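Hi,

Here is the structure I promised to pass on. Have a look at it first, and then read my notes below.

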Amino acid sequence: MSRVAVVTGAGSGMGVAISQHFAARGDRVALLDVNGAAVEEVTQRLRDGGAEAISCQVDVSDRRAVFEAIETVRTELGAVEIIVTSAGIEAFVPFLEISPESWERMMAVNLTGTFNCLQAVVPDMLAGGWGRIVTISSSSAQSGTKNMSHYVASKGGVIALTKALAIEYAPHGITVNTIPPGFIETPMAHRPIEAGLLPSMEELIARTPVGRAGTPDDIAAACAFLCSEEAGYITGQLIGVNGGWYL
Ligand code: NAP
């Protein structure tokens with residue numbers, strides 16, 4: 001069955017692969033990202049491949065813009081049945097050097113952005129009696145990691161929000177799960193490696209039991225399953241996609 005799926009952060013990295021997986025199985029896909037040019041290019045590629053897809057430039061921390069974008073999705077594709085919230089930012093700063101402004105921005109995008117997007121789409125899922133929500137959190141919120149305490153705290157909030165909503169919406173046919181990725185090769189992972197803020201690629205791979213970096217497709221495959229008809233008995237779960245990292 002073709003569903004209406006929203007993917008945030010769809011202009012880069014995991015969001016691209018997640019959108020591609022939904023489009024490939026016949027879902028109608030709305031791709032949201034703050035980078036309008038990037039997300040339109042990805043969307044055009046999906047349309048060239050025969051998919052029904054639209055792009056919306058939106059900053060997920062801007063509540064009004066999120067609600068307007070979701071209204072556009074309803075008008076053009078139909079009521080929202082699936083959402084994956086992949087939009088996110090990271091930063092590497094020792095705890096004592098985190099300014100209140102950068103703390104607020106981290107929370108605004110990673111945690112409040114998730115809140116905004118979910119509040120905008122859940123009414124559609126309640127009305128339809130069916131929904132699939134996957135948040136993208138981070139393995140760093142399971143293990144802790146240094147110099148990223150604002151990022152880690154925001155992702156810990158995403159995990160807790162996911163678990164709370166899973167209980168609240170389980171009686172309504174809506175499942176809510178989170179994927180806390182380990183090390184996945186995307187622009188977000190490459191930037192700090194190149195800047196020397198994370199260990200080298202070789203070191204990260206050496207720490208990974210399966211012996212390779214994760215790919216956006218690894219995340220997308222898990223998302224596609226969690227957002228399938230068959231996954232209706234899985235809710236409130238953290239599905240680690242991390243090559244076997246012990247957390
Ligand atoms: P990515 O390649 O940087 O993609 C994230 C996308 O989100 C980018 O297109 C980015 O746009 C967009 N974005 C940023 N702020 C936004 C906002 N306010 N509103 C809307 N879109 C916004 O990163 P990724 O690696 O695919 O990450 C996807 C998710 O996985 C993130 O939530 C990240 O925290 C999480 N994660 C990643 C890893 C990893 O190893 N890659 C590990 C754990 C968790 P700009 O490029 O213009 O900022």
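Which element gives the largest share of the shell around the ligand? It's α7, with four residues. Before the rest, some ground rules: this is a predicted model, where local features need pLDDT of at least 70, side-chain atom pairs count only at pLDDT 80 or more, and totals for chains, interfaces and linings use all residues. Residues are numbered from 1 along each chain as its sequence is written, and side-chain values use heavy atoms, with hydrogens and water left out.

Now the ligand. It is surrounded by 31 residues, the closest being Ser12, Asp33, Tyr151, Lys155 and Thr186 (a residue counts if one of its heavy atoms lies within 4 Å). By class, that shell has 15 nonpolar, 11 polar and five charged residues (Asp, Glu, Lys and Arg count as charged; Ala, Val, Leu, Ile, Met, Phe, Trp, Tyr, Cys and Pro as nonpolar; the others, Gly among them, as polar).

The protein buries 89% of the 890 Å² that the ligand exposes when taken alone (Shrake-Rupley method, 1.4 Å probe).

Last, the strands (DSSP runs of E, at least two residues; helices are H or I, at least four). β2 (residues 28-33) and β3 (residues 53-57) run parallel, joined by five bridges (pairing takes at least two). Val29 sits opposite Ala53 in β3.

Cheers
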